[in-house]
Each structure stands twice: as structure tokens, then as C-alpha cells.
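Take a look at the structure first, then follow the topics below.

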Amino acid sequence: MKTVIRAVRVRGDAQLPKLMTEGSAACDLCAALAGRLDGGDNGFGEKIVIEPGCTVLVPTGLSAAIPYGFGGFIFARSGLGIKKGITPGNCVGVIDSDYRGEIMVGLYNRTSEPFVVRSGDRIAQMAVIPVALQNWIEEDSLDETNRGSGGFGSTGVGENTDV
């Protein structure tokens, strides 16, 4: 399935997301630190420094029209998350189909060293995924299942089910 995502550059150094390989499930998002084209801000200079234990909103310079019935889900890039300790501050970001503002990525530095982000750096990845549009209704009871209300760890851990 291929989905077209319409996007507008709101910063002059914005880069359109692209799949890095034919089988990629998500497109890389790049930092865009130049000033906004509408004059909304003067930009961030050459770099953004994320201090240890801090989260910083990093602009991508793009607004997008995610199609109705889909969501844009922002995940860590494995190289940044595993090798550098830089992950999305909210674990997974969600871009709703009706949002038209600039896509920003909250990056959290979970290391003990400052991390530098420059324009063009690939900072996260976004997958556009179909979502079930929800309509919650209140009921008096729910259907029964084998699991029932068993929560965290209720099915055991690995081969040792004594946990």
C-alpha cells in the first residue's frame, strides 16, 4: 500500500521525509533549524544542544496533511536510540490527521553527555499507519475472556511461568 502525504516547507532548510530503503517501514525526519518562512521565529542558529536528562523540541520545518483514517507515528531512530541514547521524549509521538502545524520532535537525552543536533540531521522516523477511528460507548458489562482482568505479567515471563 502506498500513501501520498502532502507537505509544506515552513523553514527554508526543511527536507521532505524519504524512505531510506525500498522496504523501509518509516521515513526519516530531519532537523530544520533555520527561521520560519512566515517570520514566526528567527530559527535556532547552527545547532541545538540537548543537555543530559533534558528534552528539547526540535523542528522539522514541515507541516503535513496526514490522510483521514491514518496517523503519523514518530519513533526513535535505532542508531540514535541504541548507540547515542537519544529518544523521543514521549516514547512515541502522534501526528493526527487534522493537525496542520509544524511537526516537532521532542528529543530526550538519556546519557551523561550533551548531544548536538544540526540542520539536516536525521532525528527520528515517522510511519504513517491506518488507525481505527474510535467511538466509545458505555456498557454495564463486557464479554468474558480467558485472560479476564489479568494485567502486567499475568501470562508469565519467558519459559519460567512461576513469575
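Isoleucine 74 is in contact (heavy atoms within 4.5 Å) with Leu29, Pro88, Cys91, Val92, Gly93, Ile95, Ile103, Met104, Val105, Ala124, Gln125 and Met126, leaving aside neighbours within four places in sequence. This is a predicted model, in which local features need pLDDT of at least 70, side-chain atom pairs count only at pLDDT 80 or more, and totals for chains, interfaces and linings use all residues. Residues are numbered from 1 along each chain as its sequence is written, and side-chain values use heavy atoms, leaving out hydrogens and water.

**The nonpolar core**
- Ile74, Leu107, Val117 and Ile123 touch the most other members of the largest nonpolar core, which has 21 residues. (Such a core is a set of buried Ala, Val, Leu, Ile, Met, Phe, Trp, Tyr and Cys residues joined through side-chain atoms within 4.5 Å; buried means under 20% relative accessible area, exposed over 50%, partly exposed in between, with a 1.4 Å probe and protein chains only.)
- Among the elements giving two or more residues to this core are strand 5 (70-75) and strand 10 (122-130). (Strands are DSSP runs of E, at least two residues, numbered from the N terminus.)

**Threonine 60**
- Threonine 60 lies in strand 4 and counts as buried, at 1% relative accessibility.
- Its side chain reaches the backbone oxygen of isoleucine 103 at 2.7 Å and the backbone nitrogen of leucine 62 at 3.3 Å.

**Cysteines**
- The structure holds 0 disulfides (pairs of cysteine sulfur atoms within 2.5 Å).
- For cysteine 27, the nearest cysteine sulfur is that of cysteine 30, 10 Å away.

How values were computed
Helices (H or I, at least four residues) and strands (E, at least two) are DSSP runs, numbered from the N terminus. A polar contact is a pair of N or O atoms within 3.5 Å; within protein, one must be able to donate a hydrogen and the other to accept it, and residues adjacent in sequence count only if both atoms are side-chain atoms.
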